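User: I'd like to learn how to read a structure like this one. Could you take me through a few features, starting with the general idea each time?

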Amino acid sequence: METGSRSYEPLQQSSQFIKGVGPARQVYLERLGIRTVEDLIMHFPRAYLDRRNLVPIGRLVPGAEANFVGTILAVSPRAGRRARSILTVAVGDESGVVNLVYFNQPYLEKYFKQGERVVASGEMTIYRGARQLVSPECEVIGSDLTESLIHAGRIVPVYPLTAGISQRMMRRIVHGALEKSAGAVPENFTPALMEEFDVPPRAEALAAIHYPESLERLERARRRFKIEEVFFLHLLLMERRARQSRARTRPPVPPPHPLLERFVAGLPFELTAAQRRVLGEIAGDVERSAGLNRLVQGEVGCGKTVVALAAAMLAIGKGYQAALMAPTEILAVQHRDRARGFCDRLGVRTALLIGALPKAEKIRVQEEIRTGAVDLVVGTHALIQDLISFKELGLAVIDEQHRFGVKQRARFAAEESLLPHYLVMTATPIPRSLAQTVYGDLDLSIIDELPRGRRRVETKLVPADERGRVYGGIRAAFERGEQAFILYPLVQESERTDLLAATEEFERLQREEFAAHPIGLLHGRMSFEEKAKAIELFRRGEILGLVTTTVIEVGVDVPNASMLLVNHPERFGLAQLHQLRGRVGRGGADGSCWLLLGDDAGAAARERLAFFAAHDDGFAVAEEDLRLRGPGEIWGYRQSGTPGFRLINPLGDHELVRLSWDAAGRIIGRDPGLALPEHRPVARYFNRSYKPKLALAEIG
Ligand code: ADP
Ligand code: MG
């Protein structure tokens, strides 16, 4: 049969079409994101049990690991002398009988029922002349002979579960879905792609990923679906990119760039070589008609803001406007202030646009943006929310992109007539293969150098009972004229946890530890005016300690702050801690970061934090964070409406990422609309299955 003609419709039927799935179970399944038959067959095992070689019970040999299937003949619980309870389950087949023995697991008694079949694995021993297995791995597989073939006698899948659905039930349901869709699974690669990727056809891979006949076949099936995960994402990114460059509304900006030169000459410092190189890459892009679509990655404190402002000068120098968008109001204000310091004397007019502005002022700023009375507007997502119209926007910069998610990006460029040059900054360093996957529609620049004189930040792990010593250290820093951030994981104490919270602790610290020193409070639930006032007082040195939350995580730049105390560091991800740590050591004094462990921080958390304390390179930290948490979490993949990676690990599987990247580029390059007949299988999956899921993810 010609698989290219199979339709996606049968697969898109509700999973309730499968035997065993009623309305109640459907609700459970939906918790796993399963709604359709297709979702069921794409619910991949998280592990496998090798139950291929079943040994007749009579032929079990003492000392050898074996799998066998048998029927429960008797279940006898009894109280033992030393052990509190002993459960003996006699299991037999035509060839013999063996006892399964469980100590101190009285609840198992209900699990085993006489007459049901079980599959068990373990090592047989002889005890007082009786053949037995102590605590073998064992699963009840029902009394039905055919059904038991799903669970034993082969390599058996182990699925991710949710409350209300047992392993056996899930296996039965997925097996049913596979049977129902057998012969109906459309192919989504072309034969050429399958050959190039060296993967089996989709239908074959699907059968093999659930019930592989051999480990080799399983490996090939996994390869197939790994590559599928990135390939369609790559197609999406490239299609978007092709659309953008076809739009061509962004004006090329040819040299010379006198405004940029004056901007750079007027800086109070020399740009680092890395900053100059990246600026050169940006300038190279804006001079071409394909335009600028670039991600700038660089360690916290490497000086991305000044590069962003310099890039803005490229556009402003030619009479266009530029916009700089930051994820928080605090950061937007700080960027605006800094921009002003550099711009006022160049005659470049700047404005601030954030949600907290009084209505009248907001309207005034919007009007200035529309008429072209401002050249550079700095703001938050207010910049894209209110459908601001620019007179002529030449360049848009998004700072700390990882805080926005992928969706936001699409919207900035939604109005096709208004496509500006586009620059994205992020401080979370990620390996190139992952960057290519997440930001595959952007070119990549890396600022891999910190400005000279940047101070070391020493990171120390401190046990909870040494709190007093930490406060002493902070007071000493205050006496030297330095400042400190004192960070808490929560704003307010909640009833459910005993975590310390910023507001309560602030009041206590003010009365006790820091009675002699001015301290302030800054958290996300304060009004904008209160926040701005707190940070201003801190910046001016009128308060020495700032009790705060993660609102300071991104970008806050107060050079005189040398100390950071993090309470409950075990509550934070490593990449986030690294961002936080980047807030200190920016000025004249070495920085220190104290991680004050909560009482209940476990061994794993301590180990993680010890790694963090020993590494000050953001790249190493990010890689460890990725390894521990997976890319999805760091990048907020799911929230941002892009399907997550279930099988592929862009770090380990970079060969597959590259293969996919090259192939997707070739296809979109030749056939941007996927209209050629030979691309039909790809186009159909992309349009009928992949993209609709994206839309769902964005709504849901
Ligand atoms: P990030 O890359 O984390 O956004 P910023 O742009 O906030 O870093 O820069 C951190 C600090 O370093 C700022 O105070 C900035 O003025 C300063 N800075 C940037 N570039 C240089 C440089 N080449 N030499 C010295 N200081 C610099
Ligand atoms: Mg920054």
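Analyst: Gladly! Let's start with disulfides: a disulfide is a pair of cysteine sulfur atoms within 2.5 Å. Keep in mind that this is a predicted model.

User: How many disulfides does a search of the whole structure find?

Analyst: The search finds 0 disulfides.

User: Is Cys 302 buried or exposed?

Analyst: Buried means under 20% relative accessible area. Cys 302 has a relative accessible area of 0%, so this residue is buried. Cys 593 counts as buried too, because its relative accessibility is 1%.

User: Let's turn to the ligand. Which residues are closest to ligand 1?

Analyst: Here the idea is to look at the shell of residues around the molecule. Ligand 1 is surrounded by 17 residues, and the closest are Glu 270, Gly 301, Lys 304, Thr 305 and Asp 557. By class, that shell has 7 charged, 5 polar and 5 nonpolar residues.

User: Where does ligand 1 sit?

Analyst: Ligand 1 sits in the second largest pocket.

Methods:
Residues are numbered from 1 along each chain as its sequence is written. Chains are lettered from A and ligands numbered from 1 in the order in which they are written. This is a predicted model: local features need pLDDT of at least 70, side-chain atom pairs count only at pLDDT 80 or more; totals for chains, interfaces and linings use all residues. Side-chain values use heavy atoms; hydrogens and water are left out. A residue is near a molecule or strand if one of its heavy atoms lies within 4 Å of it. On a 1 Å grid over the protein atoms alone, a cavity is a set of points where a 1.4 Å probe fits but cannot get out, and a pocket is an open set with protein on both sides within 12 Å along at least five of seven lines; lining residues have an atom within 4 Å of a point. A molecule sits in a cavity or pocket if more than half of its atoms lie within 2 Å of its grid points. Ala, Val, Leu, Ile, Met, Phe, Trp, Tyr, Cys and Pro count as nonpolar, Asp, Glu, Lys and Arg as charged, and the others, Gly among them, as polar. Buried means under 20% relative accessible area, exposed over 50%, partly exposed in between (1.4 Å probe, protein chains only).
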